[in-house]
Amino acid sequence: MKTLINTKKHSASIAKLVAMVLLKDNGVECYFNTSLEALNMRASRSSVLDAFKKDISKTANDLFNAQAVVNNIKNEKVLEFDSIYNTIEDVFSSTYDANNKTITLSGVVFDTEGGNTMSKQEIEAEMLKNLFNIDKKELNGVLKSLSKYEEAKSDIDKAILYPSTVLADKILKKISDEDVKFGKYRAKMSYEDQLEFDVTFKRTGIDGVIQNATYVDASGIKQLATSHKRRDSVELERLLKSNLKYINAVEVDGDGDLQKVSHLMKQIEKLTLNTEVKFTFKARKLGNYKARGLCMPSQRIVAEDVRDTSAIIHEIAHHIHLLTLEEDKFVNYMISKLTPLIELDSETPESKIAYYNKPTEVVARACEIASLFAQEEGRLAIDDKDFEIIKSRGFYTSNKGIYFNFTAFDEDTKQEMLQLFRLFYETSPKNYREGDFDNFIKIDTRYKKIEKELSFYELMRKEQRKAKKELKALYSLVTHSNIDKIFANRKSAPLLELAKKILANISYIGNHKSRMTAPEWREVIEDKAGVIGFVFDEIKINSSEKEWIKFLVEFNKYSWKEIRKEILFSGFSINFARSLRKEFAENETPNHDAFKKFASEVLNRKIGLLISQDLYTDEVFLRELIGLDQSVIVDFDGSQIKTEVLVRLTKEIIADEDDSFRWWLLNEGLRDNREFMQWAVEKSKNARVYVNGALKDDKEFMLFVCELHGYTSLSNIGGELADDVEFAKEIQKEHSDCLVYFSKKVNNALKEKDEVKAKKPKVKKAPTPKKSKSSKIEKEPEVKANDDFDALVDSGEIIEFERTDGKGVEKVLKLEDKISDFKSFNQYMKQNKIGYYSRIAKGFILYKEYVEKALSDNKNVAAATATALYGADALQNFANGTLF
């Protein structure tokens, strides 16, 4: 690639390139200075990941700057190297692929034959993808979820966020693996090479040597701080050349006292540490790390703040535990025993709570208290006139909450602590291998907190109060691949509450974009269908029949509508929903297919049909269902439940305290029950509309209703009564205006059409809607009334209305003109099977049969009806074949 940039000034980039090649030659893909320090400081996962992002950014910046060198390769010569050994193979070694003419550094592939220069963001993306199989958005999502996990207090939130720990641990494992490989490589370096490496990358980490420090190992003094005298380092040099048991090198800050450090090392060597792994001891200022001490087992480093050495026992405990005793049964027994004894105040941040409860930290703090007990018994004999290796009893007592309330230990526990001290500081590895410290059984001392189970409604209200971004972060890792981990790690969280919470937030799961293509939505919907299917399977398998039915009742009431939008396309536009159906038809979507089948067999069926005959005899259970959703009584199977039970339950809920009649709660099985319906119509005139079956043709009953609520109640008579001429004659005597509710056959038989017209109810008629010139108005009274109503229908607007119960979309007729005789018009709509009025829809819901019939009539009628139903624009779409 040709460029006007002066590449000769990129000497720093060249040095870093060489170092990166050497790392790769030794099996190290990338260096993670900041994240490794955070990891070895036993920081929280989120803190380590945050440091990891900084390392990725820093390395990406180095690679970005080095591109000028890579792009200045000509004829397989690296022109930036002033050496006869400047061929591409000489310089880039194992990172060069001769076949593809590419160089791979830290997972990023560079084209040596004039490839385009990548941006820093593109380099970061390549590093994350090739080294960790994750993109930056996913990494940020994991970090957000992980931060929430570390702050979460409820087991349910922890379960939902648990996948973030799994993904984070995969990244941390990769970092740790790189750390091990880097540690082996660094161990082979000479002191001078280590120093050159640190200078190249400007590393000032705990594993490097700072400029103002003295560094001594078994081969002698490698660096002497300007503040230190040669004569003061003699004792240190002699000690290290004497082949110490535990320390192989030492670094002392320029402000440190070399003689005091020598004395401290002698005291450490007096102990019998249970380790065969030597370490480098560093006495440094650790202010940047906000710690008194640090242990990096992979780098074999134990560091203490030169100003406060009271964490030595603590850090040596980490070194022994992580390299020797991590699987020891007695150690694990003590962890399980001591962890529940930690007491933190209510203001302790969740990140600190997690830190104090980490097993490694529990062990190290336990070793401090064990050493305190041993010191008080004279077993820890340390000459500590110049330093401390543990803190004072006063300090531990004032912080007893994090030290397991050790002041209240009984004698048995104290003896176990002394046993722990013996295991770590009085037992050699040889004696440990020959001894038996594994005769303890790990016990479960955790307790479970029982919390009230929330209903779907309570959960939804609670969830709606959370910010949208917060919910997205919370549910971003709830995916089909993770859902099993979430349920497996719910601990004491109630199964049903966890399931409800996930289903109530189905729109947020998966961390997907809000605008996507049909193929992208297919993948998202397929994944969500898998999540929902798993949740339902878990509930079905782990619940009783009663719990399962109650769960379905709540689900139908609170979540089914949202699920239909997300999974069954009702939340998308007609055109996009058509594209989605095509996408699903052309691809394999087993999760979605399984959910559709489940919805058809279970969710779309009446709940009453899913209740077994045995449960219909359990009146307490039936009351519980009604308590969850009163409308469930409508779905009870009248052939399974005893009539007297259904009557009793209905009477309890059908009337409000103000005695208003909730007619929509009438079960179909009661609508033809004479005794019950007689009670119902006495209670409220609204009940007369719901008279059904044989009662509608029961003359005596219908006359009873008419006497109570007027003869317009005949609008609901059955077909037999509507065709009964003798009954019509009785009505005609005093209520001839009600003949309109009888069939044409009856009216023709009476041969009194003119009289019927004269005796129609005296009501003010609304202005007749204007009719087209081609419309003909019949002069016969009965037909004229129907034509008026026809005109009203023709003049109305048809809209789509989504049912509140989530069971689909209805066509609704909206009328602008005021209806003078609403009851007659409503009866006309019903008797002619056109539709019925709905208060909720605020219009007339059209019967499906009427809509289909209207569309299949002759061309002229079809055109007129279709125009009224769908409008000109929609009809044009029909014509173009773009709607269906």
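Predicted model: local features only at pLDDT ≥ 70, side-chain atom pairs only at ≥ 80, totals over all residues.
Biologist: At what angle do α23 and α28 cross?
Modeller: Roughly 20°, with the axes of α23 (545-558) and α28 (619-628) coming within 9 Å. Axes are lines fitted to C-alpha atoms over the stretch in contact, and angles run from 0 to 180 degrees between N-to-C directions. That makes α23 roughly parallel to α28 (under 35 degrees; over 145 is roughly antiparallel, 65 to 115 roughly perpendicular, the rest oblique).

Biologist: Which residues of α23 and α28 make the contact?
Modeller: From α23, they include Lys546, Ile549 and Val553, and from α28, Phe621, Glu624, Leu625 and Leu628. Contact means heavy atoms within 4.5 Å. The contact of α23 with α28 has six nonpolar, no polar and five charged residues (Ala, Val, Leu, Ile, Met, Phe, Trp, Tyr, Cys and Pro count as nonpolar, Asp, Glu, Lys and Arg as charged, the others as polar).

Biologist: And how do α11 and α14 cross?
Modeller: At roughly 125°, with the axes of α11 (312-325) and α14 (359-376) within 8 Å. That makes α11 oblique to α14. The crossing of α11 and α14 is right-handed. Among the residues in this contact are His314 and His318 of α11 and Arg365 and Glu368 of α14. The contact of α11 with α14 divides into six nonpolar, five polar and three charged residues.

Biologist: Switching to sheets: what is the strand order in the open sheet of six strands?
Modeller: The order is β7-β6-β8-β9-β11-β10, with mixed pairing (two strands pair if DSSP finds at least two bridges between them). The edge strands are β7 (220-223) and β10 (293-296), each pairing on one side only.

Biologist: In what sense do β10 and β11 pair?
Modeller: Antiparallel, over four bridges, with β11 at residues 301-305. Cys295 stands opposite Val302 in β11.

Biologist: Which helix lies across β6, β7 and β8?
Modeller: Helix α9 (234-241), which runs at about 160° to β8.

Notes:
Residues numbered from 1 in each chain as written. Heavy atoms only, no water. Helix = DSSP H or I, 4+ residues; strand = E, 2+ residues; numbered from the N terminus. Left-handed = near helix turned anticlockwise from the far one by under 90°.
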